[in-house]
Amino acid sequence: MVVSGVRGAWLMILALAGLMWVESSVAADKSLAVEEPAATSAATDAIPPVGARSYQPSVEPERMVKEIANTPFQTQSTGVEDAYTAMLRLQLPAPTTPMTMGAEAPGQPLKLGFNRPMSDFLDPSVVASQTWQWQTLADGERVTRIQVTSPGATALRIGLRIRNLPVEAELRFYSGQSGQGPAYQVAAKAVLQMIDANRLAMANTSGDPEIYWSPTLDGETAIVEIRLQAAADQNKVDVAIEAVSHLAANPTQANFSLQSTAASCNIDVNCYSTVNDQGQNIANAVARVVFTSTGGTFLCSGTLLADRADSGIPYFLTANHCISTASEASSVQTTWFYQSSACNSATQSASTQTLLSGATLLATYTNNDMTLLRLNDQPPSGAVYAGWYWDNVGDRYSAIHYPKGDWKKISFGVEDDLYSCDLSSGEEFSCKLSTTGGYLGFVVDKGVLEGGSSGSGIFKDNTYLVGTLTGGDAVCNNTYSFYGRFKTGYNNGLSKWLENSKTGSLENPQPSSYLSGITSLSGWACIPGVSQSGQGIQQLTVEIDGSTDIQAGYGTIREDTSSICGGNNNGWGLLMNMNRLGGGAHSLRALADGQEIGKASFTITTLGTEYLQGVSATYVIPNFPTANQNVQIQWQEHLQNFVMTARNVSGGQSGVQQSTTTTESLPELQPVSVSSSASATTMAATQASAALLGSLENPQPASYLSGITLFSGWVCHPGTTINRVDVEIDGTSYQASYGTIRPDTVSLCGGSNNGWGLLFNTNRLGDGQHTVRALVDGVELSRSTFTVTTLGVQYLQGASGSYRLMDFPKKGDNVVVTWQEHLQNFMIKEATVH
């Protein structure tokens, strides 16, 4: 143990292996300075504990990633011709430095492998799907295969960058060594939903949302296969092999452990009773975790956690120093019942199984080194959801964990004191005594804790988790360790999920963003595990500038929220003409049944009128989104804004003049002449059937859409209840939210809650013409054709730019448009209107 020189006030713990370890015994220095206690929240101290719950479904849950029968690769095919499909072979050079398992930089989890970016070895065009060859099978299905070899690897994970895939596609993964290890398949729809969930979570964390890591594949060669149904659009495949993770050991193999095996003083979990007085085996709540990050593949431990509503949502608790980003969470593989078959038996339990479908990041905290995930699969039958409550100094606990990745072990000890710890250093972490600290000291007097145990829980009465492991010293039967306190995590915000409180997000507007014209105020909200039971959120309202409350439509399908909420009809949206608020700064709060779920300040620029009529204009934005590319934008009156109508327009640069008079040196763009069939709109009722009144207002016939927009309108059936509104796009139906307040419909409908809307990323549709139908309880209300222009990806990241559009809205005027990533579109930022 290393003690700092500042009056001995800090315990300095060297950070090594998966758990941050030192090599000598640690004894708490009671002479160290103690911080003054802060006021304690009576509300959080008074809550009742949550007990453990067993999970025994009648049938084993469906898995997102499914195993294909363990047979040689050649027999995995669907037909004889399929077995001879051509395969692109990518050969990496042998690593120059052999990897030693577990030897990693201090402060990181236990390392199993390192990443090898393909760009370090191969031309980017070779690893991109645009250059891959496809074979069409007799039934019309198309197949492409890519083989990757990293010499010397015991196992591989393949990192795919997925910019786009048809939902009808399927991914398959095989070991390239005949008959070695299982093969896997996963539907493209599930992968796309995972990527969307990553983007949602990455609003508050770092990472790359587009990377999907394959299951662990045995051997030094792995094969990726993409299969398209006959009806799928092959042009929508935009995938690249981003990297491989080169593993020195395969954690999915039976009897896996590191070369330097766990210490002999570790205690087999089966040698002590871990069953509580309710008959639940708390050891079955603990799983081993393997995940891939930017630096490689790592191993930790974690615990399945119950919520108060007993919703069955698979919440999973681990350490922040293990998993802290959405991309790491999505790569998670959890192994359950990885233990001996009996006390000190040399035989592995026959119940061992691994889930490969990843997880969603819900919350992560550094002040107590704690991360909450939601597994993308339900746990296996027989798992236990651990209960939870507060710790108390002097209480005895059991620690259940996976030291060095070995079979499940158990240790025993007593809580010694409370600490504040600092994990910011890469080589050590330091702790000092604090009566209000986020960590507890745990003296292990039987057993030991080692690297790989990080993130595991300690339990009171084989029922209640009270903390997760950060680090300590690895001394047999005399280990001093530090655990992040569950109570601190609860107060940090875990209560939002575990108490089934309202959660959600305001996605538009973003803080300090720009809005203009008619746009959608939007986001999502739910009560995790409760919303789908009929007792969920009843009303979503938007408060503008502290006074105006407007009801938004609630219930739009949002697949990317399923992993957080337990269901998907959680989207909300409100189409609003920003011009009515006036130019300048404004504030907005989103309220779910009166509880704030998000707020933002934003700036509006108007063109001097609430609804600009009779104007048309088209401009070409140069060098966007990258150099030597351009995009054409065109004014759409019904949206009171510009949308993208074409990209890489021939001769589009001729209208550009570089500003020499403006201090910000914005490019000054002159209008170009194009024909336009878009027309102005007024509110008109369409009588689709007897007494059914309403309108599809966006998109207008023969109009243009781009980026993230709201398909919207209104409908009523005086004297009859409307159950649902669906938006059918190119034959695929999506449920819209219904019930937005529309005062302009009162005279026709006799009431005002008649608005409907569906927030949609039109980039998903691809370039070209599309058809939309609005359906009211299955009856067509209206339809429209529209044209979409994309920038070649579903969600453009990292682009920016502002441009001055000259002579708009009339000669001598000008406006400045700026790219807003969260809308995937341009917004008006400034206007000079005479």
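Let me start with a term: rings of Phe, Tyr and Trp (for Trp, its six-membered ring) count as a pair if their centres lie within 6.5 Å, and planes under 30 degrees apart are called stacked, over 60 edge-to-face, and the rest tilted. What we have here is a predicted model, in which local features need pLDDT of at least 70 and side-chain atom pairs count only at pLDDT 80 or more, while totals for chains, interfaces and linings use all residues. Residues are numbered from 1 along each chain as its sequence is written, and side-chain values use heavy atoms, with hydrogens and water left out.

How many aromatic pairs does a search of the whole structure find? The search finds 29, and one of them joins Tyr734 and Phe760, edge-to-face, at 5.2 Å centre to centre with 70 degrees between the planes. This pair links distant parts of the chain, since Tyr734 belongs to strand S53 (residues 732–741) and Phe760 to strand S54 (residues 753–761), 26 residues apart; strands here are DSSP runs of E with at least two residues, helices are runs of H or I with at least four, and both are numbered from the N terminus. Is each partner buried or exposed, if buried means under 20% relative accessible area, exposed over 50% and partly exposed in between, with a 1.4 Å probe and protein chains only? Phe760 is buried, because its relative accessible area is 9%, whereas Tyr734 counts as partly exposed because its value is 27%.

Elsewhere, ring pairs link Trp388, Tyr389, Trp390, Phe486 and Tyr490 into a cluster.

Leaving aside neighbours within four places in sequence, Leu305 is in contact (heavy atoms within 4.5 Å) with residues including Trp388, Leu465 and Phe486.

The charged end of Arg288 sits over the ring of Tyr338, 4.3 Å from its centre, and that of Lys446 over the ring of Phe412, 5.7 Å from its centre.

To step back to the whole protein, the secondary structure comes to six helices and 59 strands, and 58% of the 834 residues count as buried.

How values were computed: A charge sits over a ring if NZ of Lys or CZ of Arg is within 6 Å of the ring centre and within 35 degrees of the ring normal.
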